[in-house]
Amino acid sequence: MKRKFNIKINKAVEEMPPSGIRAFFDLVLGMKDVISLGVGEPDFVTPWNIIESGISSLEKGYTSYTSNKGLAELRRDISRYLKNRYGMDYDPEKEILITVGVSEAVDLAMRSLLEKGDKMLVPEPHYVSYNALPSLSGASPVLIKTDPSDGFKITPDDIRSNCDSKTNSIILNYPNNPTGASYSRKQLKDIAAEVLKRGLVVLSDEIYADLTYDYDHVPFPTLPGMKERTLYLNGFSKSYAMTGWRIGYACGPEKLISAMTKIHQYTIMCVPITAQMAAREALKNGDKAVLEMKKEYKRRREFIVSRLNEIGLSCHRPEGAFYAFPSINGTGLTSMEFSQGLLKEEKVAVVPGTAFGVSGEGYVRMSYASAFENLKEAMERMQRFVEKRKQ
Ligand SMILES: Cc1ncc(COP(=O)(O)O)c(C=O)c1O
């Protein structure tokens, strides 16, 4: 008998677990009448003026590649926007790269920075890619657990006690997916001081910056001594409801941006020009729409957090992004059992906290980027589900 050909897969890739969110959502596919609070994307359509600028660029014949780094005009717009908004200073020629969402930027940064044996600090619960991607470079994530008692935030002590001679970097994400935690200027300053002492490079994923509800967002590179060691990541997916356009950007030290650009030019070449043209309009005339969406998310946050606490699922108040991360400990179920049971019995989809690392056990993530009516109905169904478990 002919032996079957065995394709050998790179070990690091073979051992990489699939995204916990995707694995769970394969269950949702094919089910009818499910209220999904699972996916992390706005329920809004991209504002019309932004869509129109994409369409009109196509009509005008903008269908070509752009510079690998992205349209010079867009890089200049980003530079100007960051200057006006936060007083940040980035040279559009050397310090800004347009990427296929923040997703690509995280990958490029990790591949550019990490080598075999290196360690990167990753506060947990964390966005799904942070613990998976370092292994592609033979590096490993050092997970720092956070919980509601510390507001799901790391402290300088956490950094100190988790660093050794192999630790060269840390990835921060605030407002955070999945916990919604963010940091005040004072908290960030303390973290920055420790980062400086340890000589770390910082990847700062601030994709939810515009969705900070209770105070002003402080970008990490604006803190003393941080600009030269921080890669600032942001994008259009969340604030402008542009997930499907696939566009984000990285700003940072020339040396790092130029290393990332090398990989980007071989693998991606450039972000589609249509998305880049639309992004220009978003930066120029998108603020009003962002504020309107933010107002609505904030209203939903108040509702969902108070309803969750009311039905006995203790929920820390998220300071930003559009996720609630309630504890399900009182139900006696694991995160997976809770999520599967809720889906099967009440047709509400949430994500098991374990998709965001082991310390997510005992929690589920619920996105409130879903219509108010859906949230109301979902909470009724959840209440029924939880009350059955109380008896
Ligand atoms: C924290 C965080 N970073 C990055 C991303 C990816 O965003 P993008 O659509 O820009 O690739 C997400 C998406 O959910 C996210 O939550």
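**View 1. Val 202, a residue in the interior.** Val 202 counts as buried because it has 21 C-beta neighbours inside 10 Å. Here, a buried residue has 20 or more other C-beta atoms within 10 Å of its own, an exposed one has 12 or fewer, and a partly exposed one falls in between, with C-beta atoms placed from the backbone. The model shown is predicted, so local features need pLDDT of at least 70 and side-chain atom pairs count only at pLDDT 80 or more, while totals for chains, interfaces and linings use all residues. Residue numbers start from 1 along each chain as its sequence is written. Val 202 touches Ile 170, Leu 172, Val 195, Phe 220, Met 226, Arg 229 and Thr 230, leaving aside residues up to four places away in sequence. Contact means that two C-beta atoms, placed from the backbone, lie within 7 Å. For a sense of scale, the C-alpha atoms of Val 202 and Met 16 are separated by 24 Å, and the two residues are 186 apart along the chain.

View 2. Val 202 lies in strand β6. Strands (E, at least two residues) and helices (H or I, at least four) are DSSP runs, numbered from the N terminus. In β6, 5 of its 5 residues are buried. Val 201, Leu 203 and Asp 205 are on one side of β6, with Val 202 and Ser 204 on the other, and both faces are covered.

**View 3. The partners of β6.** Strand β5 (residues 167-173) runs parallel to β6 and is joined to it by 5 bridges. Two strands pair if DSSP finds at least two bridges between them. Follow Asp 205 in β6 and you will find Asn 173 opposite. Strand β6 (residues 201-205) also pairs in the parallel sense with strand β7 (residues 230-235), over 4 bridges. There, Leu 233 in β7 is the bridge partner of Asp 205.

**View 4. The sheet of 7 strands.** These strands form an open sheet with mixed pairing, in the order β2-β8-β7-β6-β5-β3-β4. Its edge strands, β2 (96-99) and β4 (140-145), each pair on one side only. From one strand to the next, the twist averages 20 degrees. Helix α8 (residues 254-267) lies across β2, β7 and β8 (248-251), at about 30 degrees to β2. Such angles run from 0 to 180 degrees between N-to-C directions, with axes fitted to C-alpha atoms, for helices over the stretch in contact.

View 5. Gly 101, Val 102, Ser 103, Asn 177 and Ser 237 come nearest among the 13 residues around the ligand. A residue is near a molecule or strand if its C-beta atom, placed from the backbone, lies within 6 Å of it. Helix α5 (residues 101-113) gives the largest share of this shell, 3 residues. The shell divides into 3 nonpolar, 9 polar and 1 charged. Ala, Val, Leu, Ile, Met, Phe, Trp, Tyr, Cys and Pro count as nonpolar, Asp, Glu, Lys and Arg as charged, and the others, Gly among them, as polar.

**View 6. A sheet of 3 strands.** This open sheet has the order β9-β12-β11, with antiparallel pairing. Its edge strands are β9 (323-324) and β11 (351-352), each pairing on one side only. Strand β12 (residues 364-367) and β9 pair in the antiparallel sense over 2 bridges. Here, Met 366 in β12 is the bridge partner of Ala 324.
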